[in-house]
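I open these notebook entries to record what I looked up, item by item, in the structure shown below.

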Number of protein chains: 2
Amino acid sequence: MKTLSVAIIGMGSVGQGVLKVLAGSKGQYPAQRTVIKVVAVADSKGVAVDDKGLDPGRVLKEKLNGDLKRSGQSALDYIRTGNYDVLVEVTPTDAKTGEPGLSYITAALSRGKSVVTSNKGPVALQYKALTGMAREKGVHFLYEATVGGAMPVFNLLRTPLAGNKVLGIKGIFNGTCNYILTRMASEGLPYDMVLSEAKELGYAEADPTYDVEGIDTALKVVILANTAFGMNVSLKDVSVVGISSITPDALKLAADDGYVIKLIGEVRPNGAERVLKVSPRLVPKMHPLSVQGTLNAALIETALAGDIAVVGKGAGSVETASAILSDLLYIATTS
Amino acid sequence: MKTLSVAIIGMGSVGQGVLKVLAGSKGQYPAQRTVIKVVAVADSKGVAVDDKGLDPGRVLKEKLNGDLKRSGQSALDYIRTGNYDVLVEVTPTDAKTGEPGLSYITAALSRGKSVVTSNKGPVALQYKALTGMAREKGVHFLYEATVGGAMPVFNLLRTPLAGNKVLGIKGIFNGTCNYILTRMASEGLPYDMVLSEAKELGYAEADPTYDVEGIDTALKVVILANTAFGMNVSLKDVSVVGISSITPDALKLAADDGYVIKLIGEVRPNGAERVLKVSPRLVPKMHPLSVQGTLNAALIETALAGDIAVVGKGAGSVETASAILSDLLYIATTS
């Protein structure tokens, strides 16, 4: 059995999900001959450290009860000096600066520590630099959780579709928008009413701009462009239209012809046909991208395997933690 | 760069697809730092061998032109004595005996050679023995191409869903049945007429029993049961109903309520809820398993990631070769 010591930076929804998952398995992954040990957890208040291993369930309980004991160290200090194998960086996304995640990830990679992240900011803004640093140090920089939550995309490209040239990727990458469009279509309700309902149910943020205006989807398009296709683009290169002007009438007209309207992000690599866009589009009802509720879906167009679609839960604490876990076990089995 | 020497046994649709794919890439897979070299190809007439490497494009052309030069050796003799790293066993499935694939695979594994196969017979009949032999010798026995052609299932479980407990798998695993049901539903045509059409188009065999009576799907259910869940079952343990008694009326009634009828194979592991069955079932129109034409689809129910669906081409020479290629590159990157 190999032991992988992880430091979890960020104890919001995703960080708590990771702790919950590791508490459930007691960190034991016999199929991968791996034990995952949590040696540090950090939030904005400080860092709790134990090189011999923290109990994930107890840490989670203490965090929720407000009685987690932290050292005076800052997260960045710990990242620069602590004893861990992999940094699990799960702080919130800042699409403009990538901070504080960007500094955390840089500090870990520059020490030759592998990094697993769910943070879209650093991957969208500095993918080339970060992945170059990881390559130079011979460590991993993995980010499955940044696109599609539990829905595998990067891991799918890496192993099950290995050897395939990827020609394009399009999909539904935002569960909030998909929930709103699904409800509007099924109930014939106007946008504003469904948005209010989504807020009440916790499917939309108090300020939903980031989701409904397509910015979150565009960020994922940038990540896919830079990672899967080696492009070097940023948010300003993506043509973005959100869903706020979609009417029940438009959805009804589409339905009458056998279509649904979905917010689709699409990337096709450089060349005459270069596409980088987010917009509401017609999708045939029985098409693999015609999925309902908060589901995400991706259609990966490949040279050999043809079109491969994957559908899964795009968000959720434990679901996103599952993506992080798959990255951790990939590191364990290939290091 | 690592060189992986492969011996391809079987030069039907799948074997030819593998040669075509390797001819296209010249065997070069820089992302995996791997060169795949074909050192032998065999069909029922004999074996063509060159330890320095055969040209896959030329071999394919010669096979199709009928002027491929073979040695007097039998495939089994070559497998027992030849110089190769991985046996690519792509002879036709015999669901009753598993032969000749079973003898070929056994001969290679017992020499400590890794095996990649598309042959459902040996995996359905002798999974436990074969995988035990591979483990004992410290080599790989991989079979992604046996279920769902280009649609990844086993590779998906192994890496992107690593660490997840799989609770059940159900799906559409036969493109012929899905084509027939899709055409019957969209055109309101009777079964016999669509079956004739499917035969003309090459989507159904002259004797379609194996597909339309659900036997092919049941074989895949057996493979999933034994591999993904460690069960020890065979065809006789699967409850099987095919599609030959489905009427246009039944499809129309389903459609009126927002459903389609699909031939679904399902496996859930041992216990009170054990399920091993193949039958036509109602699927909501916008469900991820509601896919059309010859597409295959699988819904994998997991403990952490929730339900993950994957959709892809279930057959086709190059598509199935893509699954074999992903297995070969997995061996290259983990050996």
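The entries that follow go from the relation of the chains, through their contact, to strands and helices.

**Entry 1. Relation of the copies.** I note at the outset that this is a predicted model. I asked by what turn chain A can be laid on chain B. The superposition takes a turn of 180 degrees with a shift of 0.0 Å along the axis, and the RMSD is 0.0 Å. The two copies are therefore related as by a two-fold rotation axis. I then looked up which residue of chain A comes closest to that axis. It is Val310(A), whose C-alpha lies at 2.2 Å.

**Entry 2. The contact between the chains.** I recorded 37 residues from chain A and 37 residues from chain B in the contact. On the side of chain A that touches chain B, helix H6 (154-158), strand E13 (307-313) and helix H12 (317-334) each supply at least two residues. H12(A) gives the most, with 8 residues. By class, I find that this side of chain A divides into 23 nonpolar, 11 polar and 3 charged residues. The copies meet through the same surface, because 100% of the interface residues of chain A are also interface residues in chain B.

**Entry 3. Strands across the contact.** I looked up in which sense E13(A) pairs with strand E13 (residues 307-313) of chain B. The pairing is antiparallel, over 3 bridges. Within it, I located Ala309(A) opposite Val311(B).

**Entry 4. Strands within chain B.** From E13(B) I moved to strand E12(B), which is joined to E13(B) by 7 bridges and runs antiparallel to it. Glu301(B) has Asp307(B) as its bridge partner in E13(B). The hairpin of these strands has 4 residues between them, and Gly306(B) there takes a positive phi near 75 degrees. I noted also that E12(B) and strand E8 (residues 166-172) of chain B run antiparallel, with 6 bridges between them. Of the 8 residues of E12(B) (residues 295-302), 7 are buried, so the strand is largely enclosed by the rest of the structure.

**Entry 5. A helix pair in chain A.** Lastly I examined helix H1 (residues 13-25) and helix H2 (residues 56-65) of chain A, whose axes come within 8 Å and cross at roughly 140 degrees. I recorded the crossing of H1(A) and H2(A) as left-handed. Gln16(A), Leu19(A), Lys20(A), Leu22(A) and Ala23(A) of H1(A) meet Pro56(A), Gly57(A), Val59(A) and Leu60(A) of H2(A). I classed the residues of this contact as 6 nonpolar, 2 polar and 1 charged.

Notes. Residues numbered from 1 in each chain as written. Chains lettered and ligands numbered in written order. Predicted model: local features only at pLDDT ≥ 70, side-chain atom pairs only at ≥ 80, totals over all residues. Axes fitted to C-alpha atoms, helices over the stretch in contact; angles between N-to-C directions. Left-handed = near helix turned anticlockwise from the far one by under 90°. Contact = placed C-beta atoms within 7 Å. Nonpolar A, V, L, I, M, F, W, Y, C, P; charged D, E, K, R; others polar. Least-squares fit on C-alpha atoms with pLDDT ≥ 70 in both. Pairing = 2+ DSSP bridges. Buried ≥ 20, exposed ≤ 12 C-beta atoms within 10 Å, placed from the backbone.
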